[in-house]
Amino acid sequence: MKLEKLLTRSSERMHTDIDWLNSRHSFSFGGHYDPQRMGFGPLRVVNDDIVAPGGGFPPHPHRDMEIISIVLDGQLQHKDSLGNGRVIQTGDIQYMSAGSGVTHSEFNPSAEHPVHFMQIWIQPNAHGLEPRYADQALVGAADDSWSLILSPDGRAGSMAIRQDVELRSVRLSEGTRIRHQTTSAERGLWVFVIEGEVAVAEERLSAGDSLALSGYAVLEFENVGTAAAKIMVFDLKV
């Protein structure tokens, strides 16, 4: 497969800014549309959301989408038509497979502090499946080691989802390096920097930047900033 890469800077992300929501969209979302940014393989949405105290998304429907929320800071309250109700905390991951249809709401339960979370949508491998829900603390790993967060089989304590997608994250210490090797250069890799600065594939990325890669069997990341860096890597079919 030919080597291809597409860099999107944080400032190039689409932006929603209303009284209770400040959201940056790596791909087309809601009223923001760019035909060249409709996703990467089955990865359809990556939103970097900050919700003000007491703000949130009122009940709304979904179907045939794998929806994952990762809380970076604060609390996020979830309620759905399946009867699930839970407040997830900093460091938690929440998974809802909308399947044949589900209605849910998401709110910041705090009256004082905003909540910062990543919301990820992945197209499932089949339609009309029975909806399901799960949440858990993120799988912990020592600094400079990969944590497997999402996988199709739930191995190593990861959240099992209905698609051939693996999501890994790492907190990389200043001046250190780490490699990721995919099972095949036919797969795609989508990199997102949560915080810090890293060098990868001859590019220098900062917080909010993303890099879509095809044809790369191995990636080497180096923390080139002055503090720890946090990154996510999606490994998927494209």
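Student: Which strands each supply at least two residues of the lining of the second largest pocket?
Tutor: This is a predicted model: local features need pLDDT of at least 70, side-chain atom pairs count only at pLDDT 80 or more, and totals for chains, interfaces and linings use all residues. Residues are numbered from 1 along each chain as its sequence is written, and side-chain values use heavy atoms, without hydrogens and water. Strands are DSSP runs (E, at least two residues), numbered from the N terminus. The two strands asked for are β1 (4-8) and β20 (210-214).

Student: How many residues line the second largest pocket?
Tutor: A pocket is an open set of points on a 1 Å grid over the protein atoms alone, where a 1.4 Å probe fits, with protein on both sides within 12 Å along at least five of seven lines; lining residues have an atom within 4 Å of a point. Nearest the centre lie Leu-6, Gln-36, Gly-39, Phe-40 and Ala-212. The lining count is 15.

Student: What is the volume of the largest pocket?
Tutor: Volume is the space filled by probe spheres set on the points, joined across faces, edges and corners. For the largest pocket that gives about 480 Å³.

Student: Is Pro-124 buried or exposed?
Tutor: Pro-124 sits in the loop between β11 (115-122) and β12 (132-137). Buried means under 20% relative accessible area, exposed over 50% (1.4 Å probe, protein chains only). Pro-124 has 12% relative accessibility, so the label is buried.

Terms used
Helices (H or I, at least four residues) and strands (E, at least two) are DSSP runs, numbered from the N terminus.
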